[in-house]
Amino acid sequence: MTTDNACVTGDGDWEREPDPSDSLRTFGAVVQALREHAGLSRVEFGELVQFSKHTVASVELGRRMPDESFVERAEEVLGNTGALRKAAGFLTRGKPGLAAWFRRWARLERVAVSLCTYECRLVPGLLQSEAYARAVFDNSIPLLTDTQLEEQVTARLERQKMLYERPNVPFTFIVEESVLRKRLGGSEVLRGLCDHVLELSALRNVILQVMPVDAEFHACLDGPVQLLETAEGRRLAYSEGQQNGRLITGPKEVSLLHQRYDTLRSQALNPQDSRGLLERLRGVL
């Protein structure tokens with residue numbers, strides 16, 4: 001562990017949070033704002049709360065879950081308003097297996113009244129079989145530890161429960177035919193994947209459309225996208241690339257993405273033909 005990431009207190013070492021949560025980052029930002037308002041450096045503040053400047057920095061950056069003594073001492077030093085004590089009650093650790101940039105979208109998924117997904121790289125996570133998900137994560141660079149890989153697979157399979165637990169929510173997927181032909185993990189994995197996708201797409205609330213490789217028109221050439229609508233009627237979008245993801249909230253941009261997705265639906269195979277194509281792919285494996 002590097003010096004920048006080390007947090008040593010009188011009671012020993014604190015382990016760094018492997019997946020900092022939004023609540024940890026928010027709490028840390030509040031501590032930093034109050035400290036700076038009080039005119040204290042991290043060193044000065046650390047001396048007053050009896051923790052090292054490295055611990056203070058890690059808490060402020062959302063890298064550490066503060067223990068009760070840190071919260072109590074910080075509260076006393078920073079005005080004793082009760083704000084930090086109350087905020088500490090809502091602190092949660094990051095959920096293992098979910099990328100930091102995806103967590104907010106994952107929370108929105110669970111309360112959405114509709115979810116639309118277009119994917120041109122891999123089979124969407126909500127449709128992946130366990131073996132396929134393992135093959136995906138097994139190709140991660142840098143390589144994942146066994147524990148990390150299991151956390152990733154577990155988180156992915158946990159998300160899939162939404163398809164069964166929310167039968168009144170429509171889940172629509174458009175997937176490139178080339179993705180379904182990609183033998184990631186080998187033929188046996190692909191056979192299992194086809195069976196899994198066929199099973200899920202048979203659910204009344206799941207619609208799968210395949211974009212054929214010989215299509216002459218394509219409305220989503222800019223890449224994969226996810227769209228959802230909240231119970232309040234708000235429409236949001238999400239796009240993801242190398243080591244990053246972006247939640248899109250601007251009405252004009254979201255509207256444009258919906259237009260593209262709607263057009264793509266008319267260009268892709270209908271659900272019945274899409275299942276037929278998947279069954280044929282399964283038959284030749």
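The count of salt bridges comes to 15, a salt bridge being a side-chain nitrogen of Lys or Arg within 4 Å of a carboxyl oxygen of Asp or Glu. The model is a predicted one, so local features need pLDDT of at least 70 and side-chain atom pairs count only at pLDDT 80 or more, while totals for chains, interfaces and linings use all residues. Residues are numbered from 1 along each chain as its sequence is written, and side-chain values use heavy atoms, with hydrogens and water left out.

Take Glu60 and Arg42: their closest N and O atoms sit 2.7 Å apart in a salt bridge. This pair ties together distant parts of the chain, with Glu60 in helix α3 (residues 53–60) and Arg42 in helix α2 (residues 42–49), 18 residues apart; helices here are DSSP runs (H or I, at least four residues), numbered from the N terminus. Glu60 is buried at 3% relative accessible area, whereas Arg42 is partly exposed at 26%. Buried means under 20% relative accessible area, exposed over 50%, and partly exposed in between (1.4 Å probe, protein chains only). Both residues also belong to a salt-bridge network that takes in Arg35 and Glu36.

Further along, Glu109 and Arg159 meet in a salt bridge at 2.8 Å, N to O.

Glu72 is partly exposed at 29%, as is Arg85 at 33%.

Terms used: Helices (H or I, at least four residues) and strands (E, at least two) are DSSP runs, numbered from the N terminus.
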